[in-house]
Amino acid sequence: MKAIDSHAHLEELKDLESCLRRAASRGVIAVVTAGSDASSSRFALEARSRFKELGIQVFGAIGLHPWSLRELGRDGIEEALDFIEARAGEAVAIGEVGLDYWLPEARRDGEGRRLQREVFARQLRIARKAEKPVVVHSRGAWKDCLEMVKEAEVEALFHWFSGPLEVLKELLACGYCVSATLALDYSEEHRRVILNTPLSRILSETDSPVRYKGRFNREAEPADVVDVVAMIASLKEVGLEEAAKHCLNNAIRFYSLPSELG
Ligand SMILES: [Zn+2]
């Protein structure tokens, strides 16, 4: 099986080289590493040339994550956004970006949410101008994320989507994609999303090094994307190869990766 881990945070992995070697040995041919702030975005852009000899390709997305805003403060946010704007052309996507209304500072409508929306809107404009797709974090803010993406007229991947079915239906009608993670093992919401999404719109990812519940209660790594594909196959009641082929081609198409990967 050939697989692509379409969303990970490689800069946070311990012993990254071993992780990438293990992934390559399980058939993972590429990983898209996403930025969360300026330094992880810089890492993402440099990663492409750094790991070539490991038999796996790494592609970089750059973005400012809603989780990074509080720590960065106004000046740090501006600096990160300027970096993303200046380097957008070199990335395969703008991400990880979006809104998170479950964060303490954004539980209620107010300054916290306003700042998230402002930062997300600016990155959507950057994506639109650079003609790049966006990788969207939408926890607790599913509807608002969808509305903003629609307004921006960009391609979007709703990563690890576990939102309501009405929002899923609308985002699929708009032509957007969702990605599946190891949470398929235990999350009813996430399983329901994947059950209701055609294979032509599902990407596979690990969000490494996130620690999942259930069977994968340890730091995830890109090799685990093979288990994600297997869970997608079993949920959709198709063969492993068929699920793998869809996820692979969807990732290649979404990120405009080299077609030789397919
Ligand atoms: Zn992520």
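This is a predicted model: local features need pLDDT of at least 70, side-chain atom pairs count only at pLDDT 80 or more; totals for chains, interfaces and linings use all residues.
1. Basis. Local features need pLDDT of at least 70 and side-chain atom pairs count only at pLDDT 80 or more, while totals for chains, interfaces and linings use all residues. Residues are numbered from 1 along each chain as its sequence is written, and side-chain values use heavy atoms, without hydrogens and water.

2. Zinc donors. His7 (NE2), His9 (NE2), Glu96 (OE) and Asp207 (OD) coordinate the zinc ion at 2.1 to 2.2 Å. Donors are N, O and S atoms within 2.8 Å of the metal (3.2 Å for Na, K and Ca); water is not among the atoms, so sites may look incomplete.

3. Glu96 belongs to strand S4 (residues 93-98) and Asp207 to the loop between strand S8 (202-204) and helix H8 (225-236), so the two tie together parts 111 residues apart in sequence. Helices (H or I, at least four residues) and strands (E, at least two) are DSSP runs, numbered from the N terminus. Glu96 is buried, at 2% relative accessibility; Asp207 is also buried, at 6%. Buried means under 20% relative accessible area (1.4 Å probe, protein chains only).

4. Strand S7. Cys177 and Ser179 point one way from S7 (residues 177-180), Val178 and Ala180 the other way, and all are buried. In a regular strand the side chains alternate between the two faces of the sheet.

5. Neighbours of S7. Strand S6 (residues 156-158) runs parallel to S7, joined by two bridges; S7 and S8 are parallel with three bridges. Val178 stands opposite Phe158, and its bridge partner in S8 is Ile202.

How values were computed:
Buried means under 20% relative accessible area, exposed over 50%, partly exposed in between (1.4 Å probe, protein chains only). Two strands pair if DSSP finds at least two bridges between them.
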